[in-house]
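Let's take a friendly walk through a protein model, looking at a few side chains and the partners they meet. Have a look at the picture first, then read on.

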Amino acid sequence: MTDTSEVGTYRRLFHDKFTEIEQLLADLPSEALTWKPFERSPWQGDAGSLGWLIAHAISSTVYLLKRAEWTMGRIEWGEVQGDQGKEEFTAANQDPANMLVRANAALGYVEQMLDSLTPVELEASRPHVKRPELVFTARFDIQHAIEHMSQHIGHAQLTRQLWALQAGA
């Protein structure tokens with residue numbers, strides 16, 4: 001039976017997003033991860049490579065869920081970072097197999113985090129360490145992680161389609 005609770009819904013949405021990352025990486029050659037449809041646009045500047053888009057989708061998801069954990073009082077502010085710290089866009093992003101391992105590890109973290117949530121923790125809120133006018137809530141950060149991940153996966157899907165067209169794949 002489908003879990004229709006709030007956390008069950010988050011779990012389904014995250015699983016859908018990580019499945020889309022698997023689909024993006026399936027049968028993809030390494031050179032596709034460094035491909036950009038253009039270098040610079042007069043609107044919004046530099047383009048991100050396919051690998052950068054996927055890496056950021058993964059890293060920002062972990063970052064936002066860590067921020068939710070901080071909001072709940074589980075971790076210290078210094079522990080709020082992406083899955084590879086500040087080095088989310090390394091040469092390892094050029095290897096589809098490595099990216100899949102990275103995505104699976106992030107999904108493991110997501111599952112563990114969601115499995116451990118309590119209703120009281122979902123209600124947690126806390127002002128930013130350096131900017132107290134910004135108040136974070138655990139629920140918002142979880143929802144924002146899904147939204148932000150979805151946006152970058154959508155960008156990656158379009159980028160992969162453009163790569164396939166130019167590669168004749």
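## A histidine in a helix

In which helix is H148 found? H148 sits in helix α6, which covers residues 138-167. Keep in mind as you explore that this is a predicted model.

Is H148 buried or exposed? Its relative accessible area is 16%, and because buried means under 20%, H148 counts as buried. Leaving aside residues up to four places away in sequence, H148 touches H56, S60 and L64.

## Aromatic rings that meet

Now for the ring-shaped side chains. The count of aromatic pairs comes to three. One of them joins W70 and W77, an edge-to-face pair with 4.8 Å from centre to centre and 70 degrees between the planes. W70 is buried, at 3% relative accessibility, whereas W77 is partly exposed, at 24%.

W70 also pairs with F136: the ring centres are 6.2 Å apart and the planes are at 80 degrees, so this pair is edge-to-face. Why does the pair tie together parts that are 66 residues apart in sequence? The reason is that W70 belongs to helix α3 (residues 50-71), while F136 belongs to strand β4 (residues 135-137). Both W70 and F136 are buried. Together, W70, W77 and F136 make up one aromatic cluster.

## Salt bridges

How many salt bridges does a search of the whole structure find? The search finds twelve. One of the salt bridges joins the side chains of E6 and R139, with 2.6 Å from N to O. E6 lies in helix α1 (residues 6-25) and R139 in helix α6, so this pair ties together parts that are 133 residues apart in sequence. E6 is partly exposed at 29% relative accessibility, and R139 is partly exposed as well, with a relative accessible area of 23%.

Here are some other partners to find in the picture. E39 forms a salt bridge with K36, and their closest N and O atoms are 3.5 Å apart. E39 counts as exposed, at 55% relative accessibility, while K36 is partly exposed, at 29%. R40 forms a salt bridge with D46, with the closest N and O atoms 2.8 Å apart, and both of these residues are exposed. Finally, look for D3, R11 and D115, which are linked in a network of salt bridges.

Conventions: Residues numbered from 1 in each chain as written. Heavy atoms only, no water. Phe/Tyr/Trp six-rings, centres within 6.5 Å; stacked < 30°, edge-to-face > 60°. Buried < 20%, exposed > 50% of the residue type's maximum accessible area, 1.4 Å probe, protein only. Helix = DSSP H or I, 4+ residues; strand = E, 2+ residues; numbered from the N terminus. Contact = heavy atoms within 4.5 Å. Salt bridge = Lys/Arg side-chain N within 4 Å of Asp/Glu carboxyl O.
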